[in-house]
Amino acid sequence: MKKYLWVLAFFLLNSFAYAQSNFTFSGYIKNETAIRAVDFNGNLQKQKEIIELAGEYRIREDLVFFAKTKYWYDFAYAARDKLDIAAHYSEHIQRTDWLRDCYLDYTRGPWFFRLGKQQVAWGQADGITILDRVNPVDLSEYWLPDIQDIRIPLWMGNINYSPKLNSNLQFLFIPDFEQSTSATIGAPFTVYSYQRYDNWKKAQFAMGSTVNENIYFPATKFENSTFGFQWSDRIGDLDYTLNFLDGFYYSARNTTILASGTGGPGSKWKIDRAFKRYRLYGSSFNKSFTNPSPMQGITLRGDFALYNGEPTYIGDPTIASAKRIARWNNVFWLIGADKYVFTKWLLSVQYSQYILEHAKEKSKGLPATQQYPMNAFTYGFADQVENIFSFKVSTQFMNDRLRPEVLWSFTDDNQGRLAPKVNFEIKDNLLLTLGYNYFYGNVFDSNGQYKEQSQFFLNLKYSF
């Protein structure tokens with residue numbers, strides 16, 4: 001009940017101060033509806049009503065306070081009995097997640113400080129978090145929402161110093177910790193690894209076996225905080241960044257241990273779920289070609305990251321059993337190109353590779369069947385090199401009021417997502433979006449796990 005009162009109080013305070021010249025207020029009301037395409041007759045996936053309110057108060061010229069609240073309720077969980085098992089976590093916003101942003105900005109000369117709950121975006125990649133690892137992510141709807149809605153804001157200190165024009169040194173101190181989240185069991189976009197694990201637990205209970213689950217969260221000590229640095233600069237018309245992040249991996253990893261028994265009826269199993277610390281070393285660039293040449297009009301962009309000690313599942317993918325967590329040095333890189341053709345058609349192309357340090361784990365004395373890296377989303381086999389492609393075409397008509405777009409992302413394993421959509425601006429503050437998300441591939445692949453969840457969707461957003 002308290003969170004509703006906070007939202008109401010925030011709205012009333014904003015309304016009261018709206019007329020003040022040093023206060024700005026904005027927000028939107030939005031409906032998001034989605035229906036599963038493979039069973040179009042009444043198979044409602046989502047009917048979410050959202051309200052977001054944001055206010056900025058300029059205390060003085062160099063000191064600004066900003067806050068944003070968001071509340072949503074999904075009526076699909078009240079309308080469909082099939083979703084009852086997931087309703088407790090998925091029907092409405094959880095805990096204090098309704099407070100999206102709450103920070104104070106202070107600017108003095110070359111210094112800029114942002115203190116409070118916030119998001120920090122790193123990198124140039126679209127739809128892939130290569131460098132964008134400062135905040136955890138909410139994958140309750142996979143990667144379908146906008147990235148600013150997927151990131152989970154954290155309380156942090158964000159300190160910036162600009163020694164010269166177009167350059168900036170950023171230091172992040174993050175004592176806060178929130179784990180990345182996924183859809184719970186029974187929700188439309190539950191990851192296949194959760195489903196397989198839940199089925200395994202039920203099978204063990206049916207045989208009279210026990211499963212003891214232990215979750216190890218990072219201790220709340222100074223040395224367990226996350227620290228980040230970014231240097232950004234421009235050389236001619238080339239923008240680049242150098243990035244470093246030292247903190248806990250926001251997704252925990254499970255290991256399955258047979259405590260006693262033979263693995264059959266009456267056995268005792270132990271599941272350890274732990275968050276591991278790792279480091280990110282990375283860089284990004286962006287360059288637009290404006291001089292007459294074959295490259296004129298093209299913007300090249302790229303991200304590169306080395307994940308030092310990234311927690312990686314090792315086990316037997318055929319039975320979805322993770323036997324240990326390897327600490328590998330994995331690489332994720334991307335290069336993209338954007339160009340307008342025929343005046344108003346924007347073409348965007350991306351190619352990326354996620355490269356594991358090893359194809360198999362051979363140093364821990366595991367049986368050969370338990371030495372494979374596993375996909376964290378499905379517990380299926382993970383390729384040592386995953387090639388990822390994406391193509392996007394967008395344009396506009398009717399003075400930018402009608403904006404169609406087609407996105408196709410896929411890998412070399414013949415799995416991916418095709419997502420056409422159209423935005424229509426009914427009025428200046430009323431936007432209608434119609435679209436389709438088509439998933440395909442093997443159920444053990446990241447996109448293929450959702451091939452039964454392909455959806456038609458409709459969004460209606462009123463901004464003020």
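Biologist: Which residue in E8 is the bridge partner of Ile159?
Modeller: In this predicted model, E7 and strand E8 (residues 168–174) pair in the antiparallel sense over 5 bridges, where strands are DSSP runs of at least two residues and helices (H or I) of at least four, numbered from the N terminus, and pairing needs at least two DSSP bridges between two strands. Within that pairing, the residue of E8 that bridges to Ile159 is Phe171.

Biologist: Which pLDDT do local features need in this model?
Modeller: Residues are numbered from 1 along each chain as its sequence is written, and side-chain values use heavy atoms, with hydrogens and water left out. The model is a predicted one, in which totals for chains, interfaces and linings use all residues, side-chain atom pairs count only at pLDDT 80 or more, and local features need a pLDDT of at least 70.

Biologist: Which residue takes a positive phi in the hairpin of E7 and E8?
Modeller: The two strands of this hairpin have 6 residues between them. With a phi near 65°, the residue that takes a positive value there is Asn166.

Biologist: E7 also pairs with E5, so to speak on another side of the story; which residue of E7 stands opposite Lys117?
Modeller: E5 and E7 pair in the antiparallel sense, with 8 bridges between them. In this pairing, Lys117 has opposite it, in E7, Trp155.

Biologist: Is Gly157 buried or exposed?
Modeller: Gly157 belongs to strand E7 (residues 154–161), and its C-alpha atom is separated by 9.8 Å from that of Phe227, 70 residues apart along the chain. Buried means under 20% relative accessible area, exposed over 50% and partly exposed in between, with a 1.4 Å probe and protein chains only. Because Gly157 has a relative accessible area of 12%, it counts as buried.

Biologist: How many salt bridges does a search of the whole structure find?
Modeller: A salt bridge is taken here as a side-chain nitrogen of Lys or Arg within 4 Å of a carboxyl oxygen of Asp or Glu. When the whole structure is searched, the number found is 26.

Biologist: How many residues apart in sequence are the parts that the salt bridge of Glu141 and Lys46 ties together?
Modeller: Glu141 and Lys46 form a salt bridge whose closest N and O atoms are 2.7 Å apart. Since Glu141 lies in strand E6 (residues 138–143) and Lys46 in strand E2 (residues 44–60), the parts that the pair ties together have a sequence separation of 95 residues.

Biologist: Which residues are linked with Lys46 in a network of salt bridges?
Modeller: Both Lys46 and Glu141 are buried, and both belong to this network. Together with Lys46, the linked residues are Lys30, Glu32, Lys48 and Glu141.

Biologist: Which residue in E2 does Lys30 stand opposite?
Modeller: Strand E1 (residues 23–36) pairs with E2 in the antiparallel sense over 13 bridges. The residue of E2 that stands opposite Lys30 is Ile50.

Biologist: How many residues lie between E2 and E3 in their hairpin?
Modeller: E2 pairs with strand E3 (residues 63–74) in the antiparallel sense over 12 bridges, and one of the opposite pairs there is Glu56 with Phe66. The hairpin that E2 and E3 form has, between the strands, 2 residues.

Biologist: Is Lys201 buried or exposed?
Modeller: Lys201 forms a salt bridge with Glu213, the closest N and O atoms being 3.5 Å apart. As Glu213 lies in strand E10 (residues 210–216) and Lys201 in helix H5 (residues 192–206), this pair ties together parts that are 12 residues apart in sequence. Glu213, with a relative accessible area of 42%, is partly exposed, whereas Lys201, at 16%, is buried.

Biologist: Which residues are the closest to the centre of the second largest pocket?
Modeller: A pocket is an open set of points on a 1 Å grid over the protein atoms alone where a 1.4 Å probe fits, with protein on both sides within 12 Å along at least five of seven lines, and lining residues have an atom within 4 Å of a point. About 330 Å³ of space lies in the second largest pocket, a volume being the space filled by probe spheres set on the points, which are joined across faces, edges and corners. Of the 20 residues that line this pocket, those closest to its centre are Arg36, Pro188, Gln195, Glu452 and Gln453.
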